[in-house]
Amino acid sequence: MIGLRIAHLIGSLHASAASSFAINLARWLMQNEHDALLLSSGGVREPECQDEGLAVQRYADKGLRMLAGRGRKLLARLTEWKPDVIHVHRLAQVPLGGDLACKLGVPLVVSVHCPIEPDDAETLDRPYIEYVTVPNEEFRAHLVARLGLDRDRVVVLPYGVDMERFARPAPRTGVRTVGTVTRFDDQRDGAVMLIEALASLREQDHDVRGLIVGSGAGHEDLERLIADAGLREVIELQEAGAHIAPALARMDVFAYPFRRDTHSISVIKAMSSQCAV
C-alpha cells in the first residue's frame, strides 16, 4: 500500500464537528500507515492531539492579511513536509487552502459539516477543488440538486468514532439525567429548547436533571435562563473539553433538539456510549 501524506487545514481545534472529524480521520490515517498533519490556529483540543502523537502545525490565522502574505511560513512548512493532498474542514479556510494547493501542485478536498446557503455553494464551485465531502447522502443530494454542484465532485465520507473511547459503565435503570452537546453562542437554540423541555417535565413532577455540554460565548445567558426558570440546582452547564465521553456516560438520555443540521457527530458519540438518543 502506498502511504499518503494529507495535511488537514482546520482553522481551530476547538470542540466542533469539523475538529472531531479531522482528528478522527488523522487518527485513522496514522493507524493505517499514512501520515497526517493538522494545520491549526490552536484550540482546546490541541494538547489531546499532541498527547496522542498527532502532528500539529500552528499558524497565525489573520484572515485577509494571511492571504495577502500568501501564508509564507505555512507554505514553507508544507513545502518541506510534501503533502499529497490538502484537506480543508471549514469554508472560511477554502481560499487559503486553494492558494496553498495551487502553489504546491496538489489536489484540494473540502469537507462540509453544516447546512450551507447558495452563496456558500459558490465557494465550493472552484476549479481547484477536486472533491467536496459530506457526511451523508441527503446532504449530497442537497448540494447537487438544490445548489448545483457537480454530482461527480460531491462524495459521502461518513463520520466515524473510535468505539473504545466511549465505553459505558454498568447499565442503569430509569431516566435520571437528560443531556446534550451543543453551542453556547448564537447557535444555542437547541440548548434553550432543552432547558424549556426540562422545565416542563419538572412542572409535571418528573424528577429529571439536565447536563448541557457546550462551547463558545453565551454561557452566562444560558445560566441566566436556567436561574429564571428556577432550575439552577437541576441543570448543569459544562464546558466541552477535549473528550466528552465522561459527560456522555452520565447521561441516561441524549437529546438533540435541533431543527436544522446535517448529521451530528455528537449523536454518533452518544450511540457509541450506549446512550438512548
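Q: How are residues numbered, and which values are used?
A: Residues are numbered from 1 along each chain as its sequence is written, and side-chain values use heavy atoms, with hydrogens and water left out. The model is predicted: local features need pLDDT of at least 70, side-chain atom pairs count only at pLDDT 80 or more, and totals for chains, interfaces and linings use all residues.

Q: In what order do the strands of the open sheet stand?
A: Strands (E, at least two residues) and helices (H or I, at least four) are DSSP runs, numbered from the N terminus. Two strands pair if DSSP finds at least two bridges between them. Here four strands run S10-S9-S8-S11 with parallel pairing. S10 (235–239) and S11 (253–254) each have a single partner strand, so one side of each lacks a neighbour in the sheet. S8 (residues 177–183) and S9 (residues 209–215) are joined by seven bridges, and Val178 stands opposite Gly210 in S9.

Q: How many salt bridges are there?
A: Side chains of opposite charge can pair when their charged atoms come close. The criterion is a side-chain nitrogen of Lys or Arg within 4 Å of a carboxyl oxygen of Asp or Glu. The count is ten. One of them joins Arg5 and Asp35, with closest N and O atoms 2.7 Å apart. Arg5 is in strand S1 (residues 5–11) and Asp35 in strand S2 (residues 35–40), 30 residues apart.
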